[in-house]
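I opened my notebook beside the model. I wanted to record what I looked up, entry by entry.

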Amino acid sequence: MKYLFVFVLVLVGLWLWRNSRRADSPPASKQSARRPMSPPGLPTEIVACDVCHVHLPRSEALTGPGGVYCSTAHQQQAGG
Ligand SMILES: [Zn+2]
């Protein structure tokens with residue numbers, strides 16, 4: 001019974017040692033997990049509506065033949 005206790009202690013010690021080694025080397029795993037497309041810190045591109053010159057993110061802007069617009073009304077007003 002005494003040997004079983006020592007064996008469990010050694011197992012727990014090995015498990016803790018392996019976990020601490022994993023925690024010591026996060027940069028390599030972080031670099032491999034980094035996605036090349038659109039990192040979260042990337043600034044949003046801002047464009048201006050061609051009719052009212054309101055600034056808005058490109059993802060929310062409507063594109064037409066003459067440029068970008070803030071709304072469908074301005075898109076139609078510009079002839080797009
Ligand atoms: Zn507009």
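**Entry 1: the elements.** I counted three helices and four strands in the chain. Helices are DSSP runs of H or I with at least four residues, strands are runs of E with at least two, and both are numbered from the N terminus. Along the sequence I read the pattern α-α-β-β-β-β-α. The model is predicted, so I noted its limits: local features need pLDDT of at least 70, side-chain atom pairs count only at pLDDT 80 or more, and totals for chains, interfaces and linings use all residues. Residues are numbered from 1 along each chain as its sequence is written.

**Entry 2: burial and contacts.** I looked up how much of the chain is buried. A residue is buried if 20 or more other C-beta atoms lie within 10 Å of its own, exposed if 12 or fewer, and partly exposed in between, with C-beta atoms placed from the backbone. Of the 80 residues, 6% count as buried. Next I checked contacts, meaning two residues whose C-beta atoms, placed from the backbone, lie within 7 Å. Among contacts between residues at least 6 apart in sequence, 9% join residues at least 24 apart.

**Entry 3: helix α1.** This helix covers residues 2-24. The expected span of a helix is 1.5 Å times one less than its number of residues. For the 23 residues of α1 that gives 33 Å, and the end C-alpha atoms are 33 Å apart, which agrees. Why does α1 lie largely in the open? The number of buried residues among its 23 is zero.

**Entry 4: H53.** I found H53 in the loop between β1 (46-48) and β2 (55-57). Its phi is positive, about 60°, although H53 is not a glycine. H53 is exposed, because 8 other C-beta atoms lie within 10 Å.

**Entry 5: S71 and A73.** S71 sits in the loop between β4 (68-69) and α3. It has 15 C-beta neighbours inside 10 Å, so S71 counts as partly exposed. A73 belongs to helix α3 (residues 72-77). A73 is exposed, with 12 other C-beta atoms within 10 Å.

**Entry 6: distances to V51.** S71 is 20 residues from V51 in sequence, and their C-alpha atoms are 9.8 Å apart. A73 and V51 are 22 residues apart along the chain, with 9.8 Å between their C-alpha atoms.
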